[in-house]
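Please keep the sequence and the structure in view while reading.

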Amino acid sequence: MTEAHIPTQLGPGSPQASQVSHSAATKAEPLLELRGIRAAYGTIEVLHGVDLSVEAGTVVALLGPNGAGKSTTLQVACGLMKPSSGSVLLAGRDVTGVKAEDLARCGVTTIPEGKGIFPNLTVRENLLMATYSGVSMRQVEAVAYERFTRLKERRSQLAGTLSGGEQQMLAMARGLAVEPAVLLLDELSMGLAPLVVEELYGIVGQIAKSGTSILVVEQFARTVLGVADVAAIMVNGLVRRVGTPDEIEQELSAAYLGG
Ligand code: ATP
């Protein structure tokens, strides 16, 4: 895989992105597609042929129990982990093995489990990190504070002193500053109160409406199903079922939903 195969810029604000979205919509070509992904930690294979598609402008929820392989799937999708076989396609182009930083430049942004923020830096300093991509701080702050007004009030506060929900907002704000085409979210709800999770998923829904495609991983599903267009269930390193959120909600076992 060479750089020449990488789409140059797929952010929703870019002309290329709208072309991609349009062609994806007309040809029903997924914006992000995993085909037959196998991946291993050392000699232990944990993904055994994962197939998953994210159509342009949609939210896909990838659900499943602890250890099913959801985070590993995201790691492969964002280029942090190289699959042992299978393909990752971005807007129809093979980007298998392309490094995370190159995929990030093409519009694939990931917000990892644990959020990846710097607790000893202020909100503003954390946002400053997003300017590495060439976006001005003014633009980064404008995008962040428009969507997350609470961050504006707290811009001089150390990130580590924010509530869990606000920290997640900060991580999302930083990721969204570059106007990604695809946003990969890992366990947004982890450690957060149900009301906060609901608020965050409300924001995820708005982000999707503004044109960003989202693949979100969760163990506990109810809230994410409310904003998802498609839901998939992963068990033991394979996507076992893909359906509408309603279908999947009915089919999920009580163990997954904790209910
Ligand atoms: P969780 O909800 O707990 O994050 P998950 O569905 O995201 O679970 P993964 O984190 O992808 O699952 O883990 C899939 C399998 O890979 C598990 O058996 C896990 O123990 C193993 N695994 C994950 N990370 C590593 C690692 N860095 N080294 C070795 N094995 C790992």
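A polar contact is a pair of N or O atoms within 3.5 Å; within protein, one of the two must be able to donate a hydrogen and the other to accept it, and residues adjacent in sequence count only if both atoms are side-chain atoms. The model is a predicted one, in which local features need pLDDT of at least 70 and side-chain atom pairs count only at pLDDT 80 or more, while totals for chains, interfaces and linings use all residues. Residues are numbered from 1 along each chain as its sequence is written, and side-chain values use heavy atoms, with hydrogens and water left out.

## The ligand site

| Residue | Atom in the residue | Distance to a ligand oxygen atom |
|---|---|---|
| E187 | polar side-chain atom | 2.9 Å |
| G69 | backbone N or O atom | 2.9 Å |

On its own the ligand has 630 Å² of accessible area, of which the protein covers 59%; such areas come from the Shrake-Rupley method with a 1.4 Å probe, and for residues only the protein chains shown count as cover. Around the ligand there are 13 residues, and those that come nearest are N66, G67, K70, S71 and T72, where a residue counts as near if one of its heavy atoms lies within 4 Å of the molecule or strand in question. Which element gives the largest share of the shell around the ligand? That share, three residues, comes from α2. Helices (H or I, at least four residues) and strands (E, at least two) are DSSP runs, numbered from the N terminus.

Helix α2 covers residues 70-77 and holds T72. Because six of its eight residues are buried, α2 is largely enclosed by the rest of the structure; buried means under 20% relative accessible area, exposed over 50%, and partly exposed in between (1.4 Å probe, protein chains only). The buried residues are K70, T72, T73, L74, V76 and A77, and T72 itself counts as buried because its relative accessibility is 8%. With neighbours within four places in sequence left aside, T72 is in contact (heavy atoms within 4.5 Å) with A39, Y41, V46, L47 and M81. Just after α2, G79 takes a positive phi of about 85°.

E187 is found in the loop between β7 (182-186) and α8 (194-209). Its contacts, again leaving aside neighbours within four places in sequence, are K70, E113, Q168, V217, E218 and Q219. Although E187 is buried, it has no salt bridge, and the nearest side chain of opposite charge, K70, is 4.4 Å away. Here Lys and Arg count as positive and Asp and Glu as negative, whereas His and the chain ends are not counted; a salt bridge is a side-chain nitrogen of Lys or Arg within 4 Å of a carboxyl oxygen of Asp or Glu.

## Salt bridges elsewhere

The structure holds nine salt bridges. One of them joins the side chains of R35 and E33, at 3.1 Å from N to O; R35 counts as partly exposed at 46% relative accessibility, whereas E33, at 15%, counts as buried.

D102 forms a salt bridge with R105, the closest N and O atoms being 2.8 Å apart. Because these two residues lie three residues apart in helix α3 (residues 100-105), D102 and R105 are separated by about one helical turn. D102 is buried, with a relative accessible area of 12%, while R105 is exposed at 55% relative accessibility.

In the salt bridge between R241 and E251, the closest N and O atoms are 2.6 Å apart. This pair links distant parts of the chain, with R241 in strand β10 (residues 238-243) and E251 in helix α10 (residues 245-251), ten residues apart. Salt bridges that share partners also join R150, R154, E166 and E199 into one network.

## The fold as a whole

The protein has eleven helices and ten strands, and buried residues make up 49% of its 259 residues. Of the contacts with a separation of 6 or more, 68% are between residues 24 or more positions apart. The protein exposes about 11800 Å², and carbon and sulfur atoms supply 51% of it.
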